[in-house]
Amino acid sequence: MTVTPLLTVDDLRVTFPTRTGEVQAVRGVSFTLGKERLGIVGESGSGKSQTGRAIMGLTPGHAKITANRLAFDGIDLLSAGVRQRRALRGRRIAMILQDPKYSLNPVMTIGRQIIEALRQHEKITHAEARARTLSMLEAVQIRDPERVFDLYPHEVSGGMGQRAMIAMMLICGPELLIADEPTSALDVTVQLEVLSILDKLVAERGMGLIFISHDLRLVSSFCDRVIVMYAGKVVEELPSADLASAKHPYTQGLLNCLPQIGSDRHPLPVLERKPEWAA
Amino acid sequence: MSQALSVRNMVVTFEDFTALKRVSVDVGQGESFGIVGESGSGKSTLLRAIAGLVGFDEGSLTVSGRNYSGRKRDKEFYRTVQMVFQDPYGSLHPRQTVDRLLLEPLLIHGFSDIDVRIARALDEVGLGNGFRFRYSHQLSGGQRQRIAIARALILEPKILLLDEPTSALDASIQAEILNLLEQARRDRNLTFVMVSHDLGVVSHMCERLAVMKGGEVVETMPVEALEKRAFSADYTHRLLVASEGFRRG
């Protein structure tokens, strides 16, 4: 790609101070992202979520972030002030979190929290905000948007809640969407519906997507390119189409550990974790 | 094959809502039986009704030749049947050490040589004695689920009820826990009743399965039928498509 990438991450490091010394959650991650779908895969603790959070600016205050460069559309995110980060967050960079049970505000109706997100960034009348919210709810295939608008998060199912979350995140038309395990908390049958809604909207609206998950198969079926992380480092980066020819044993392990219908493997191959991969 | 567990026309209601509508299931001695379905299909309720965590209003439950009703279960029942729950973050007491967690069932059932049993239980689930005096917050999700399995196995039950034992875990940790459960079943000749929404997991672990939807068993079949696509219910087909992953277009 010759044009400047949407997002540049070069040697990103996130460090948490603890009583027993510093813990490096992310240790030198580099990648660039255009208007494409990038998957970040790894186990719990591999630093995949912290990478997403650092880009979004949601790293806890006591943690230390360093990078040669962390830039979004030419804006240096590390030197940007709180106010500027705030203006970006939600408007140009948005994030879908894992579980709608915890990520939606329990004491606000779904409609009101989507309007709040919208009016935070755009000076528009309430009536206009309501109209846009309703059409956004329709875009995430909620059949009866008027009814759902007035419901509280506990009154809707997980799949419906996650659709509302997607609606809230996309309403300002972000250029970069970070989805952190967006369907892990949902039922299998609902997962597919939510993924296809997300897929369609990302394609229609032309945004960059970072899809974070521990499920390598899911990520590879959804993204163009996959980064595999282990112990805070990128161990392999490859196009989704070439997944079968993955070279790193860790990537192969992630691929093989899932039980499949019709394959008789007892016991299941388990993942090897070698300290030298983290070196 | 003699029946380890038999459920006949079980009805469970919560106020006005009927969660189980005359469900019948038979599980043979030493068999591994799977129950699949989406959220709200009643699969977890069935397991909880068997375990006595919710009462059932109608129908009968027979475990190892003894009949049970409502939600009353005697000590003998819990010597025979133990349960592993979905969320290892919620099922372990946060202020008890692993040692205390494993001690409690042994005290309740009046076991002797407690020390040896705890050490052996930890060893069996692949955790050393070093884990014995830790609290659950000092353990990872996979380690917690191992402790939950150790707690269930320490009473040497015959039947293990597994309610989505790996769905809160990473794919890579899931493989380890599934292998551990299979090993335990082989070694102790256990009967499994396993609830999951993942057909891949059920087909790996079980010999027969029931598909549930809306509080009813839609169909019961051997796992081979799943591989050959030899099932009749449309719903089973939908679950199967879902388990194959996302496809564009």
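Predicted model: local features only at pLDDT ≥ 70, side-chain atom pairs only at ≥ 80, totals over all residues.
Figure 1. Residues are numbered from 1 along each chain as its sequence is written, while chains are lettered from A and ligands numbered from 1 in the order in which they are written. Both faces of β9(A) are covered, with Gly208(A), Ile210(A) and Ile212(A) buried on one side and Leu209(A), Phe211(A) and Ser213(A) buried on the other. A residue is called buried if 20 or more other C-beta atoms, placed from the backbone, lie within 10 Å of its own, exposed if there are 12 or fewer, and partly exposed in between. In a regular strand the side chains alternate between the two faces of the sheet. Because six of the six residues of β9(A) (residues 208-213) are buried, the strand is largely enclosed by the rest of the structure. Helices (H or I, at least four residues) and strands (E, at least two) are DSSP runs, numbered from the N terminus.

**Figure 2. The neighbours of β9(A) in its sheet.** Strands of a sheet pair through backbone hydrogen bonds, either parallel or antiparallel. Two strands are said to pair if DSSP finds at least two bridges between them. Strand β3 of chain A (residues 37-41) pairs with β9(A) in the parallel sense over five bridges, and Arg37(A) has Leu209(A) as its bridge partner in β9(A). Strand β8 of chain A (residues 176-180) also runs parallel to β9(A), joined to it by five bridges. Here Phe211(A) of β9(A) is the bridge partner of Ala179(A).

**Figure 3. Helix α1 of chain A and the glycine after it.** Nine of the nine residues of α1(A) (residues 48-56) are buried, so this helix is largely enclosed by the rest of the structure. Among them are Lys48(A), Gln50(A) and Arg53(A), together with Ala54(A), Ile55(A) and Met56(A). Just after the helix, Gly57(A) takes a positive phi of about 85 degrees.

Figure 4. Most residues other than glycine have a negative phi, and most peptide bonds are trans. Ala231(A), which is not a glycine, has a positive phi of about 50 degrees. This residue lies in the loop between β10 (225-230) and β11 (233-239) of chain A. Ala231(A) counts as buried because it has 20 C-beta neighbours inside 10 Å. Glu15(B), another residue other than glycine, has a positive phi near 50 degrees and lies in the loop between β1 (3-14) and β2 (17-28) of chain B. Glu15(B) is exposed, with 5 other C-beta atoms within 10 Å. A cis peptide bond, with omega of about -10 degrees, joins His266(A) and Pro267(A). Pro267(A) is found in the loop between α10 (249-256) and α11 (275-278) of chain A.

Figure 5. Four strands in the order β2-β1-β4-β5 of chain B form an open sheet with antiparallel pairing. Its edge strands, β2 and β5 (66-70), each pair on one side only. From one strand to the next, the twist averages 10 degrees. Strands β4(B) (residues 56-63) and β5(B) pair in the antiparallel sense over four bridges, with Arg66(B) of β5(B) as the bridge partner of Val63(B). Helix α1 of chain B (residues 43-51) packs on the sheet, touching β1, β2 and β4 of chain B, and its direction makes about 70 degrees with that of β2(B). Axes are lines fitted to C-alpha atoms, for helices over the stretch in contact, and angles run from 0 to 180 degrees between N-to-C directions. Residues are in contact if their C-beta atoms, placed from the backbone, lie within 7 Å.

**Figure 6. The side of chain B that touches chain A.** In this interface, 28 residues of chain B are in contact with 28 residues of chain A. Helices α6 (171-188), α7 (199-205), α8 (223-227) and α9 (234-243) of chain B each supply at least two residues of this side. The most is given by α6(B), with seven residues. The residues of this side of chain B divide into nine nonpolar, 10 polar and nine charged. Ala, Val, Leu, Ile, Met, Phe, Trp, Tyr, Cys and Pro count as nonpolar, Asp, Glu, Lys and Arg as charged, and the others, Gly among them, as polar.

How values were computed
Contact = placed C-beta atoms within 7 Å.
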